[in-house]
Amino acid sequence: AVYVAHRMGLTLAMLQDAAEKIGPDGTLPPLPEAGPAEVRATAKALNTLSARLKSAVDSRMRVVAAAGHDLRTPITRMRLRTEFIEDEEDRSSWLRDIDELSRIADSAIALVRASTSEAQIECLRLDDLVAGIASDLHDQKLSVSMGRAVPVSVMADRLALTRALRNLLINAATHGLSATVKVDRPGLNQARVIIEDRGPGIPEEKLGQVFEPFFRVDRARQQTIPGAGLGLTIAREIIQLAGGTIEIRNGEHGGLVQTVHLPAVST
């Protein structure tokens, strides 16, 4: 009984270890197919499952990227034909719809790139990075201000993390009227970015849907702010690949609070 229990324990321990090693992309590193027969069989099954999951995800990403790329040609043709419409109001209406299609196609491609591109990991001063983004957006006439910033470093891809934080700040400055961003270090190994806005917030029952692609708070409302509805989806993908998390909640006095948690490193 002790021998059988020991063999079963090895398999369970391997399953626990494999679950803890699942990466942000849902895959896990190859497991060594060695040891007792039960362990070898379990390791082989997990390796096969991981390979199939990665293949399925990559295949779907390729389909999304191809669709986004293929849309560009007909969109360009539609834009050229629209220019010949004589009625100015009708032409403007068509151009707005075409611009929205173009943004959706570009955002779909950006989402695929965020999920599949090779990361160039480096040590970054998060407070300096956020301050630079806030300054750039302020120069672009967006209502973005920098609050308190504590010096803290993280390991991440500079371009990808910049894209994610820009998406969050632009979202707050446009839909939330204005944005204030702070950087702090709540723990020795934790870095945090907090973005607060002064907008109307989001109904509590819809907060769980904010990271879904093409999510709109009010789908019946006419879109007056440019965007494809993929900014938050792309931002979360990038932050998760950097080993972090993001959460969005309504503020106590109105507006939204977007909080990004990232692993901090010592420099």
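The mean pLDDT of the protein (the predictor's confidence in each residue, from 0 to 100) is 82, and 85% of the residues reach 70 or more. Confidence is lowest in helix α1 (residues 2-20), with a mean of 69, and highest in strand β5 (residues 190-197), at 96. The model is a predicted one, in which local features need pLDDT of at least 70 and side-chain atom pairs count only at pLDDT 80 or more, while totals for chains, interfaces and linings use all residues. Residues are numbered from 1 along each chain as its sequence is written, and side-chain values use heavy atoms, with hydrogens and water left out.

The protein holds six helices and seven strands; these are DSSP runs, numbered from the N terminus, with helices being H or I of at least four residues and strands E of at least two. Read from the N terminus, the order of elements is α-α-α-β-α-β-β-α-β-β-α-β-β. Of the 267 residues, 33% count as buried, a term that stands for under 20% relative accessible area, against over 50% for exposed and partly exposed in between (1.4 Å probe, protein chains only). Among contacts (heavy atoms within 4.5 Å) with a separation of 6 or more, 65% join residues 24 or more positions apart.

Thr-82 counts as buried because its relative accessibility is 4%. Apart from neighbours within four places in sequence, Thr-82 is in contact with Arg-91, Trp-94, Leu-95 and Ile-98.

Helix α4 (residues 126-139) has 14 residues and reaches 20 Å from its first C-alpha to its last, close to the expected 20 Å, where the expected span is 1.5 Å times one less than the number of residues. Its buried residues are Leu-126, Asp-127, Leu-129, Val-130, Ile-133, Ala-134 and Leu-137. These cover an arc of only 165° around the axis, so they sit on the same side of α4; the arc is that of the directions from the helix axis to the C-beta atoms. Just after α4, Lys-141 adopts a positive phi of about 70°.

Helix α5 (residues 158-175) also agrees with expectation: its 18 residues should span 26 Å, and its end C-alpha atoms are 26 Å apart. Among its buried residues are Ala-160, Leu-161, Leu-165 and Leu-168. Just after α5, Leu-177 takes a positive phi of about 75°.
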